[in-house]
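I opened this entry to keep track of what I looked up, item by item. The structure comes first, my notes after it.

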Amino acid sequence: ETGVTQTPRHLVMGMTNKKSLKCEQHLGHNAMYWYKQSAKKPLELMFVYNFKEQTENNSVPSRFSPECPNSSHLFLHLHTLQPEDSALYLCASSSLSHTEAFFGQGTRLTVV
Amino acid sequence: GDSVTQMEGPVTLSEEAFLTINCTYTATGYPSLFWYVQYPGEGLQLLLKATKADDKGSNKGFEATYRKETTSFHLEKGSVQVSDSAVYFCALRAQGGSEKLVFGKGTKLTVNP
């Protein structure tokens, strides 16, 4: 149990579908992150939220739309994805009082 | 900008062999340094950390020492087990409480019985 929970663990979607990934943390952290992990590529930071405000958007295509309604929840809304978007999407959280980030187990996304 | 460079893998060892995975960083001041481990099909787990120069982080037989003079944080284990097979990531967090973690590319370790 890492304290960061991601759902679903696996998702298969067509290129015309709309789906959402959910992340929830019960650690009292103020910052939440989305990372993309593709095969044979480095871990890519996508978005950072701090106290519900987006503080970083790493040139992510608009077909990925994050939402952070409160400090405990983070969503990634997906629409009209491409096959190359297939990857493991990782959520993480951290706080000002701890230097490390805690990761969820990830959502394995396959776009067909 | 801040960056982390870790040795390219994959690394293949026999059980009970000595492990070293090199990690060097570029950052101003005194960043916090981390090693994360990712087992197949899982997210990243914090393995160990060091927050100031000369600190040694340790966990599960793994160790790494924060060397400011060489800007390094090499991961070592004296005797690896098959269960240590995973991908290992070196990472830093900039001094001053930046929320951004910077990761290396990861090193895949396979330990054979």
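**Notebook: strands, cysteines, interface, backbone**

I started in chain B, where B:Phe62 stands opposite B:Lys77 in S9(B). I then looked up the two strands concerned: strand S8 (residues 62–65) and strand S9 (residues 75–77) of chain B pair in the antiparallel sense, over three bridges. I note here that the model is a predicted one.

Next I traced the sheet around that pair. It is an open sheet of four strands in chain B, in the order S3-S9-S8-S7, with antiparallel pairing. I checked the edges: strand S3 (19–21) and strand S7 (56–59) of chain B each have a single partner strand, so one side of each is left without a neighbour in the sheet. On average, neighbouring strands of this sheet are turned by 15 degrees against each other, direction ignored.

**Cysteines**

I asked how many disulfides the structure holds over all chains. The count is two.

A:Cys23 lies in strand S3 (residues 18–25) of chain A and A:Cys91 in strand S9 (residues 87–95) of chain A, so the pair ties together parts 68 residues apart in sequence. I computed a torsion of about -75 degrees about the S-S bond of A:Cys23 and A:Cys91, so this disulfide is left-handed. A:Cys23 and A:Cys91 are both buried.

In chain B, the disulfide is formed by B:Cys23 and B:Cys90, with the sulfur atoms 1.9 Å apart. The pair links distant parts of the chain, 67 residues apart: B:Cys23 is in strand S4 (residues 23–26) of chain B and B:Cys90 in strand S10 (residues 86–93) of chain B. The S-S torsion of B:Cys23 and B:Cys90 is about -70 degrees, so I logged this disulfide as left-handed. B:Cys23 and B:Cys90 are buried.

I also looked at A:Cys68. A:Cys68 counts as buried because its relative accessibility is 11%, and the cut-off is under 20%.

**Interface of chains A and B**

I listed the residues in contact: 19 from chain B and 24 from chain A. The area buried between the chains is about 1,700 Å², and carbon and sulfur atoms give 51% of it. B:Leu44, B:Arg93 and B:Glu99 supply 32% of the area that chain B buries against chain A, more than any other three residues.

I then asked for salt bridges between chain B and chain A and got one. A:Glu100 forms a salt bridge with B:Lys49, and their closest N and O atoms are 2.8 Å apart.

**Backbone**

I checked for cis peptide bonds. One joins A:Thr7 and A:Pro8, with omega about -10 degrees; A:Pro8 is in the loop between strand S1 (4–7) and strand S2 (10–13) of chain A. Another joins B:Gly9 and B:Pro10, with omega about -5 degrees; B:Pro10 is in the loop between strand S1 (3–6) and strand S2 (11–14) of chain B.

Last, I looked at positive phi. A:Phe51, not a glycine, has a phi of about 50 degrees, and this residue lies in the loop between strand S5 (44–50) and strand S6 (53–57) of chain A. A:Lys52, in the loop between S5 and S6 of chain A, has a positive phi near 75 degrees. At 51% relative accessibility A:Phe51 counts as exposed, while A:Lys52, at 41%, counts as partly exposed.

Definitions and conventions: Residues numbered from 1 in each chain as written. Chains lettered and ligands numbered in written order. Predicted model: local features only at pLDDT ≥ 70, side-chain atom pairs only at ≥ 80, totals over all residues. Heavy atoms only, no water. Disulfide = S-S within 2.5 Å. Buried < 20%, exposed > 50% of the residue type's maximum accessible area, 1.4 Å probe, protein only. Pairing = 2+ DSSP bridges. Axes fitted to C-alpha atoms, helices over the stretch in contact; angles between N-to-C directions. Contact = heavy atoms within 4.5 Å. Buried area = accessible area lost by both parts, 1.4 Å probe. Salt bridge = Lys/Arg side-chain N within 4 Å of Asp/Glu carboxyl O.
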